[in-house]
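This report describes a protein chain from its overall make-up down to single residues. The sequence and the model come first, and the description follows.

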Amino acid sequence: MLDNPLRRWIQGLRGKKGQPPVLVKELGERDRRRVLRHLLALDSNDRLLRFGSMIPDAQIAAYVAKIDFSRDIVFGVLNNVFQLVGMGHLAFASADGRRSTTKEQVAEFGVSVSKSARGQGVGTRLFQRAAIHCRNSDVDTLYMQCLTSNQTMMHIARKAGMRIKREYGEADAHLELPPPSPGSVMAEALEEQFAAIDYTVKANTRAALKYLTPWKRPR
């Protein structure tokens with residue numbers, strides 16, 4: 001998967017046939033409300049696949065409120081009307097003597113994709129971005145936990161070459177990552193630059209449309 005990250009990034013930039021490329025941007029504090037809206041829009045089945053249980057709105061709000069953007073990394077994909085349609089949360093934790101790594105930290109990844117963006121490769125691109133960020137941060141083990149019924153994530157995990165262990169209806173998968181390279185660093189830098197430009201254009205377009213749209217007084 002990551003033997004030639006720069007070439008893979010260029011290939012991913014082309015997007016699927018007839019669809020625009022999927023650009024993944026690192027999100028920050030200003031996007032917290034956007035993250036909340038995205039997760040609250042998930043139906044009960046999607047919440048089950050994302051969190052492992054059908055959690056209510058209050059728990060989702062508490063989860064979003066606790067995201068530390070200075071410590072964890074949150075990636076997002078926005079559609080043409082500046083709505084978040086894909087989100088990946090990359091959290092770092094102590095390796096605690098895990099045999100899979102000699103590094104001090106490992107990473108855990110969770111992802112959600114809106115129904116409107118399914119089948120466009122959003123989940124795959126979010127995972128690829130998370131993996132290459134780990135690689136460039138000298139983290140060589142990436143974990144992903146999901147229900148075995150989540151066939152989309154199971155497919156992404158297998159495609160990435162993750163080792164999958166199933167237990168009690170859940171799958172615990174981990175991917176061993178190679179060290180950083182000039183190509184991996186360049187790929188991530190280019191991805192963020194392109195995504196930042198796309199983010200700015202969509203934000204300015206949305207602001208302009210709101211300004212130009214006549215305000216209607218409620219009757």
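What percentage of the 219 residues of the chain count as buried? The share is 41%, where buried means under 20% relative accessible area, exposed over 50%, and partly exposed in between, with a 1.4 Å probe and protein chains only. This is a predicted model, in which local features need pLDDT of at least 70 and side-chain atom pairs count only at pLDDT 80 or more, while totals for chains, interfaces and linings use all residues. Residues are numbered from 1 along each chain as its sequence is written, and side-chain values use heavy atoms, with hydrogens and water left out.

## Chain

The chain has seven helices and seven strands. Both are DSSP runs numbered from the N terminus, with helices taken as H or I of at least four residues and strands as E of at least two. Read from the N terminus, the order is α-β-α-α-α-β-β-β-α-β-α-β-β-α. Among contacts with a separation of 6 or more, 64% join residues 24 or more positions apart; contact means heavy atoms within 4.5 Å.

## Helix α6

Helix α6 covers residues 151–159, and its buried residues are M153, M154, I156 and A157. These lie on the same side of α6 because they cover an arc of only 160 degrees around the axis, the arc being that of the directions from the helix axis to the C-beta atoms. An α-helix has 3.6 residues a turn, so residues three or four places apart point the same way. The exposed residues T152 and K159 are on the face of α6 turned away from the buried side.

The cover over the buried residues of α6 includes β4 (105–113), α5 (122–136), β5 (141–147), β6 (163–167) and β7 (170–176).

Q151 is also part of α6. The side chain of Q151 reaches the backbone oxygen of T148 at 2.9 Å, a polar contact being a pair of N or O atoms within 3.5 Å; within protein, one must be able to donate a hydrogen and the other to accept it, and residues adjacent in sequence count only if both atoms are side-chain atoms. From C-alpha to C-alpha, Q151 and L49 are 9.7 Å apart, although 102 residues separate them in sequence. Just after α6, G161 has a positive phi of about 80 degrees.

Arg, Lys and Glu count as charged, and one residue of each kind is listed here with its element and relative accessibility.

| Residue | Element | Relative accessibility |
|---|---|---|
| K25 | β1 (residues 25–26) | 10% |
| R32 | α2 (residues 32–40) | 18% |
| E188 | α7 (residues 182–212) | 13% |

The contacts below leave out residues up to four places away in sequence. K25 touches R30, V74, F75, G76, R129, E192, A195, A196 and Y199. R32 is in contact with V64, A65, K66, I67 and F69. For E188, the partners are R129, I132, H133 and N136.

## Cavity and pocket

Rolling a probe the size of a water molecule over the atoms shows where empty space is left. Both terms rest on a 1 Å grid over the protein atoms alone: a cavity is a set of points where a 1.4 Å probe fits but cannot get out, and a pocket is an open set with protein on both sides within 12 Å along at least five of seven lines. Lining residues have an atom within 4 Å of a point. A volume is the space filled by probe spheres set on the points, which are joined across faces, edges and corners.

How many cavities of 30 Å³ or more does a search of the whole structure find? There is one. The largest cavity holds about 30 Å³ of space and is lined by L23, K25, L78, A195, D198, Y199 and K202. Helix α7 gives the largest share of this lining, four residues. By class, the lining has four nonpolar, no polar and three charged residues.

The second largest pocket has a volume of about 480 Å³. Of its 22 lining residues, R50, E108, F109, G110 and Q145 are the closest to its centre. Two or more residues each come from α3 (44–51), β3 (84–94), β4, β5 and β7, and β5 supplies the largest share, five residues. The lining of this pocket has eleven nonpolar, five polar and six charged residues; Ala, Val, Leu, Ile, Met, Phe, Trp, Tyr, Cys and Pro count as nonpolar, Asp, Glu, Lys and Arg as charged, and the others, Gly among them, as polar.
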